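Open the model in your viewer and keep the selection tool at hand. This tour goes stop by stop.

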Amino acid sequence: MPVLEAFVDENQLMRYKLVTLPKETAKLPILELPNASLNFNGPGITQAITPNTRNGVDSAYTFILQDASIANITPVIARSGGGDIDDSTDSILRRERGLLPDGTIDPDFLAPRATTPVFLNEAERKRSITITSKSVNVIARSILTQTSTNITVVGLDTGASFTLPITVKADPSKA
């Protein structure tokens, strides 16, 4: 269909962008999550999201929490000695900039990747949190009324995406 006017916001023009996959790809990648939705009964409860890509391989995922006023997300980093920990902010920022612990640039960071589609308008972006990791912890915040939002998960290499609904119930201590 021809475009009749210029669009300033790229998200209004193409909601689903093109993705380049390897030539031998026979099936489209599908993002799978352990749960179809997350429900929290109160504040401080934590649930992990660890996605899996069927028909493809993703080195990491982008997690976009659309409303950070009802929940928070933190990356889960696996240690070589075993066990998962929440990483420090400094280490996360260094990795997002493609820096290895010794200060050199990670060659995998320079490799071409699929583009990450943006699903939020400007007002929603101000309330959102975006993290790139293999998995994240979702932590419910204390709120006055039951509220819902979404987390959009996008595979960095395949571009496969999944939107996970989240519901947080009102904090009974604030009633």
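A cavity is a set of points, on a 1 Å grid over the protein atoms alone, where a 1.4 Å probe fits but cannot get out. Grid points are joined across faces, edges and corners, and a volume is the space filled by probe spheres set on the points. This is a predicted model: local features need pLDDT of at least 70, side-chain atom pairs count only at pLDDT 80 or more, and totals for chains, interfaces and linings use all residues. Residues are numbered from 1 along each chain as its sequence is written, and side-chain values use heavy atoms, with hydrogens and water left out.

**Stop 1: the cavity.** A search of the whole structure finds 1 cavity of 30 Å³ or more. Select Leu 33, Pro 34, Asn 35, Leu 38, Ala 48, Ile 49 and Leu 164, which line it (an atom within 4 Å of a point). The lining has 6 nonpolar, 1 polar and no charged residues.

**Stop 2: the core.** Next comes the largest nonpolar core, with 23 residues. Such a core is a set of buried (under 20% relative accessible area, 1.4 Å probe, protein chains only) Ala, Val, Leu, Ile, Met, Phe, Trp, Tyr and Cys residues joined through side-chain atoms within 4.5 Å. Select Ile 49, Phe 63, Val 138, Ile 151 and Ile 166, which touch the most other members. Leaving aside neighbours within four places in sequence, Ile 166 is in contact (heavy atoms within 4.5 Å) with residues including Leu 38, Phe 40, Leu 65 and Val 138.

**Stop 3: strand 11.** Two strands pair if DSSP finds at least two bridges between them. Strand 2 pairs with strand 11 in the parallel sense over 3 bridges. Find Asn 39, opposite Thr 167 in strand 11. Strand 10 pairs with strand 11 in the antiparallel sense over 8 bridges. Here Asn 150 stands opposite Pro 165. In the hairpin of strand 10 and strand 11, 5 residues lie between the strands, and Gly 159 has a positive phi near 80 degrees.

**Stop 4: Gly 155.** Select Gly 155 in strand 10. Is Gly 155 buried or exposed? Gly 155 counts as buried because its relative accessibility is 2%. Not counting residues up to four places away in sequence, Gly 155 touches Asp 58, Ala 60, Tyr 61 and Ala 160.

Terms used:
1 Å grid on protein atoms, 1.4 Å probe; cavity = no way out; pocket = protein on both sides within 12 Å on 5 of 7 lines; lining within 4 Å. Nonpolar A, V, L, I, M, F, W, Y, C, P; charged D, E, K, R; others polar. Buried < 20%, exposed > 50% of the residue type's maximum accessible area, 1.4 Å probe, protein only. Helix = DSSP H or I, 4+ residues; strand = E, 2+ residues; numbered from the N terminus.
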